[in-house]
Amino acid sequence: MQYLVSVIADGADRATPEEMAAIDAFNDRLMAEGHWVFAAGLESPSSATVIDNRGEEALVTDGPFLESKEYLIGFWVMEAADLDVMLKLAAEGSKACNRKLEVRPFAR
């Protein structure tokens, strides 16, 4: 089963060199053990654009969808046999990147 693992930041600080080294080591392990699908970091919420085309014409708004202290700064898509395995991996990922993570399975 595949899971989206969202990395949640609560400040504007990017990963430190030490955190990046830990993340790289964690990613290498995910790849070696067959859990890796895809991962990426995201720019700050101020770079976001929201598009709502549910009405007569598309409404385009600069900035994030939500104003919040916490925001999505990156993500992994991981493969795991079950939620228990995924939660163990997520705990290790949280330690590596020094951020909170949210785990959600993809809808079937």
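Predicted model: local features only at pLDDT ≥ 70, side-chain atom pairs only at ≥ 80, totals over all residues.
## E19 and its contacts

E19 sits in helix α1, residues 17–32. Its relative accessibility is 12%, so E19 counts as buried. The E19 side chain reaches back to the backbone nitrogen of T16, at 2.9 Å.

Beyond its neighbours within four places in sequence, E19 is in contact with R14, A96, C97, N98 and R99.

## N98

N98, one of the residues in contact with E19, lies in the loop between α2 (83–97) and β6 (100–105). Its phi is near 60°, a positive value in a residue other than glycine. Most residues other than glycine have a negative phi.

N98 has a relative accessibility of 54%, above the 50% cut-off, so N98 counts as exposed. E19, by contrast, is buried.

## Aromatic pairs

The whole structure holds 2 aromatic pairs. In one, the ring centres of F26 and W76 are 5.4 Å apart and the planes meet at 80°, so the pair is edge-to-face. F26 belongs to helix α1 and W76 to strand β5 (residues 71–79); the pair links distant parts of the chain, 50 residues apart. Both F26 and W76 are buried.

The rings of F38 and F75 also pair. Their centres lie 5.8 Å apart with planes at 35°, so this pair is tilted. F38 is in strand β2 (residues 36–41) and F75 in strand β5, so the pair ties together parts 37 residues apart in sequence. At 45% relative accessibility, F38 counts as partly exposed.

Notes. Residues numbered from 1 in each chain as written. Heavy atoms only, no water. Helix = DSSP H or I, 4+ residues; strand = E, 2+ residues; numbered from the N terminus. Buried < 20%, exposed > 50% of the residue type's maximum accessible area, 1.4 Å probe, protein only. Polar contact = N/O pair within 3.5 Å; in protein donor to acceptor, adjacent residues only side chain to side chain. Contact = heavy atoms within 4.5 Å. Phe/Tyr/Trp six-rings, centres within 6.5 Å; stacked < 30°, edge-to-face > 60°.
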